[in-house]
Amino acid sequence: GNPIGREAIYSAFFAQLEPLLMAPTGPIMFMSRRLVADTGLAAEQYPAMFMAEAGEIYNRGVLFAPARVSLLCNLSVVSIHGDVQDASNVTDLNNLADAVETAVQSACGLTAQNTLGGLVQQAWINHRTLVVTGSQSQRTSKQTFGVEMVLPHSR
């Protein structure tokens, strides 16, 4: 069949995550598919999550066959920490990480076989990176989850 458009896949993934992560059911107070500077949000909008497209992988490991294509996106979670001297933010970061992982598993299934309504073959978190952990001088903590979604067709 015809290849499914990238926008349909990214929008379906975001639409499935949003109700699982946004308050009042989840811990996230602001979600967007567009990055916003830390100074662009009010304190009550944290923790915030942004979904940004990160690229694509074209696996051409099989000779004389079309590439197996994976869409990549980053889920960046930004939270406020560092206001209280000597206070640890590790617990909050880990709780947010657990919530994001649970939401992705709910959207994509424990074995990554949920196809977002037939739009992808598989989807899963590839990695988690702690970009910045808040300290007394740095108020925001950032962590990023790399997500890979394998297309059900080849290019």
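Me: In which loop does phenylalanine 64 have its place?
Reply: This is a predicted model: local features need pLDDT of at least 70, side-chain atom pairs count only at pLDDT 80 or more, and totals for chains, interfaces and linings use all residues. Residues are numbered from 1 along each chain as its sequence is written, and side-chain values use heavy atoms, leaving out hydrogens and water. Helices (H or I, at least four residues) and strands (E, at least two) are DSSP runs, numbered from the N terminus. Phenylalanine 64 is in the loop between β2 and β3.

Me: Is phenylalanine 64 buried or exposed?
Reply: A residue is buried under 20% relative accessible area, exposed over 50%, and partly exposed in between (1.4 Å probe, protein chains only). The relative accessibility of phenylalanine 64 is 88%, so this residue counts as exposed.

Me: What is phi of phenylalanine 64?
Reply: Phenylalanine 64 is a residue other than glycine, and its phi is positive. The value is near 60°.

Me: Is alanine 67 buried or exposed, and at what relative accessible area?
Reply: Alanine 67 is also placed in the loop between β2 (48–59) and β3. Alanine 67 is buried because its relative accessible area is 0%.

Me: Which residue has a side chain in polar contact with that of serine 76?
Reply: Serine 76 is in strand β3 (residues 68–80) and counts as buried because its relative accessibility is 18%. Contact means heavy atoms within 4.5 Å; beyond four places in sequence, serine 76 touches Ala48, Met49, Phe50, Gln143 and Thr144. A polar contact is a pair of N or O atoms within 3.5 Å; within protein, one must be able to donate a hydrogen and the other to accept it, and residues adjacent in sequence count only if both atoms are side-chain atoms. At 3.4 Å, the side chain of serine 76 has such a contact with that of threonine 144.

Me: Which backbone nitrogen does the side chain of serine 32 reach?
Reply: Serine 32 belongs to strand β1 (residues 30–32), and at 14% relative accessibility it counts as buried. Apart from neighbours within four places in sequence, serine 32 is in contact with Phe14, Met49, Phe50 and Met51. At 2.9 Å, its side chain reaches the backbone nitrogen of arginine 34.

Me: How are α1 and α2 set to each other?
Reply: Axes are lines fitted to C-alpha atoms, for helices over the stretch in contact, and angles run from 0 to 180 degrees between N-to-C directions. Helix α1 (residues 6–21) packs on helix α2 (residues 90–108) at about 130°, with the axes 9 Å apart. Angles under 35 degrees count as roughly parallel, over 145 as roughly antiparallel, 65 to 115 as roughly perpendicular and the rest as oblique. The two helices, α1 and α2, are therefore oblique.

Me: What omega has the cis peptide bond of tyrosine 46 and proline 47?
Reply: Proline 47 sits in the loop between β1 and β2. A cis peptide bond joins tyrosine 46 to proline 47, with omega of about -5°.

Me: In what order do the elements of the chain run?
Reply: The chain has 2 helices and 5 strands. Read from the N terminus, the order is α-β-β-β-α-β-β.
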